[in-house]
Amino acid sequence: MPTLFDRRRLLASGLLLLVTALHANEINYPSRPITLVVPYPAGGNGDNIARVFAKKLTDLWSAPVVVDNKPGASGTVGAGQVHRAAPDGYTLLLTVTTQLSSRVPGLKTSYNATQDFVPIVGLTIAPMAFVVPVRLGVKSMPELEALARQRMLSYGSYGIFTSTHIVQHLLLAQMKARDPVHVPYKGESPMVADMLGGQIDMGLVGIGQAREMEKSGRMRTLAVLGTQRSEFLPKVATLSEQGYKQMDWAHGTAVYGSARLPPEVLARLQEAGKTIMADPDTQAQYRNQSNQPWVNATVDELRQRLVADTHNWNKVLTSVGDLE
């Protein structure tokens with residue numbers, strides 16, 4: 001019969017083997033495909049950004065990275081999927097910082113943005129463009145404001161209480177618009193299709209989408225958000241320049257993982273993200289999409305931005321009250 005000493009020695013050996021096995025498993029990460037969840041439809045700017053990053057990470061690690069588009073409920077469907085997944089580094093989230101941090105009144109989520117997610121790498125940051133279809137017949141913000149006071153106009157967003165909804169609500173309120181109608185979508189692609197089809201009158205889109213629509217002669221860009229003009233549309237003034245307040249929001253896209261990720265896995269992901277964003281080809285691909293690479297953002301800065309966005313957007317949502 002084993003003595004107490006023998007049993008303790010066996011127990012210690014078993015624990016050592018378990019720790020060694022777990023450590024080896026983390027070192028071998030990734031050993032199977034990684035899913036990159038995008039809470040927007042395929043074909044939009046967020047999807048385009050995701051596919052560049054997924055391809056770069058696949059090439060870096062020789063492990064497949066699959067983009068999984070999960071639009072719905074103002075982006076909370078995709079974020080919720082990542083939160084519920086095992087915290088092993090095989091399910092990641094690519095989203096806009098304000099989407100993750102903004103709460104939707106009346107919609108319960110399973111996660112807390114600042115407690116349940118950890119930033120891995122910032123990918124792009126840029127203002128969004130405020131566009132109208134050419135058929136609307138307006139060529140400037142003053143002309144749009146005059147029209148908005150004369151008759152009801154409709155505007156599209158990426159979902160109820162998303163930043164694209166709140167920004168346009170605040171803008172139209174400053175215009176003293178006459179009974180504007182909000183039409184929520186699951187992302188950029190379906191919203192643009194309806195704008196071109198005559199179902200809605202205006203919306204916020206990525207700079208790349210705005211440039212393409214300008215070239216095709218189907219849309220006009222009247223302004224951009226943010227504190228400064230876009231390097232891709234330097235002649236287009238910001239909304240702030242044109243006298244509108246609370247219009248300094250920037251569209252920052254980043255990759256997040258579970259806050260419960262093993263430290264070794266998180267460190268490997270963050271190092272890979274840094275390597276990818278330092279690659280001139282990655283930056284060139286994002287610039288070709290009219291996206292400004294977010295090359296200087298540290299993990300701490302991303303974390304601070306998520307906390308600040310959560311505070312600021314919840315404050316704005318409280319101030320605007322019930323929009324529906």
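Biologist: What is the mean pLDDT of the protein, and what share of its residues reach 70 or more?

Modeller: This is a predicted model. The mean pLDDT of the protein is 88, and 89% of its residues reach 70 or more. Over residues 12-26, however, the pLDDT is below 50, and beyond near neighbours in sequence this stretch has 4 contacts in the model. Where pLDDT is low, the predicted coordinates should not be read in detail.

Biologist: Understood. How many helices and strands are there in the protein?

Modeller: The protein has 12 helices and 10 strands. Of its 324 residues, 51% count as buried. The protein exposes about 15100 Å², of which carbon and sulfur atoms supply 54%.

Biologist: And what share of the contacts comes from residues 24 or more positions apart?

Modeller: Such pairs account for 77% of the contacts with a separation of 6 or more.

Biologist: Which residues is Val255 in contact with, leaving aside its neighbours within four places in sequence?

Modeller: Val255 is in contact with Leu36, Phe53, Leu92, Leu93, Leu94, Val118, Pro119, Ile120, Val121 and Leu123.

Biologist: How does α7 sit in the fold: how many of its 13 residues are buried?

Modeller: In α7, 10 of the 13 residues are buried, so this helix is largely enclosed by the rest of the structure. Those buried residues are Ser163, Thr164, His165, Ile166, Val167, Gln168, Leu170, Leu171, Leu172 and Met175. The end C-alpha atoms of α7 are 18 Å apart, in agreement with the 18 Å that its residues should span at 1.5 Å each.

Biologist: What comes just after α7?

Modeller: Lys176 does, with a positive phi of about 60°. Lys176 is in the loop between α7 (163-175) and β7 (181-184). It counts as exposed, because its relative accessibility is 59% and the cut-off for exposed is over 50%.

Biologist: Is Ser290 buried or exposed?

Modeller: Ser290 counts as buried, at 5% relative accessibility. Its phi is near 65°, again a positive value in a residue other than glycine. Ser290 is placed in the loop between α11 (280-288) and α12 (299-320).

Biologist: Where is the cis peptide bond?

Modeller: The bond from Tyr29 to Pro30 is cis, with omega near 0°. Pro30 lies in the loop between α1 (4-27) and β1 (34-38). Most residues other than glycine have a negative phi, and most peptide bonds are trans.

Biologist: A change of topic: what does the side chain of Gln270 reach?

Modeller: The side chain of Gln270 reaches the backbone oxygen of Pro119 at 3.0 Å. Gln270 is in helix α10, residues 263-278. It is buried because its relative accessible area is 19%, and buried means under 20%. Not counting residues up to four places away in sequence, Gln270 touches Val118, Pro119, Ile120 and Val299.

Biologist: Lastly, which residues does Val66 touch, not counting those up to four places away in sequence?

Modeller: Val66 touches Ile34, Thr35 and Leu36. Val66 and Ile34 are 32 residues apart in sequence, and their C-alpha atoms are 6.2 Å apart in space. Val66 is in strand β2, residues 65-69, and counts as partly exposed at 43% relative accessibility.

Definitions and conventions
Residues numbered from 1 in each chain as written. Predicted model: local features only at pLDDT ≥ 70, side-chain atom pairs only at ≥ 80, totals over all residues. Heavy atoms only, no water. Contact = heavy atoms within 4.5 Å. Helix = DSSP H or I, 4+ residues; strand = E, 2+ residues; numbered from the N terminus. Buried < 20%, exposed > 50% of the residue type's maximum accessible area, 1.4 Å probe, protein only. pLDDT = per-residue confidence, 0-100. Polar contact = N/O pair within 3.5 Å; in protein donor to acceptor, adjacent residues only side chain to side chain. Areas by Shrake-Rupley, 256 points an atom, 1.4 Å probe, with all protein chains shown as cover. Expected span 1.5 Å × (residues − 1).
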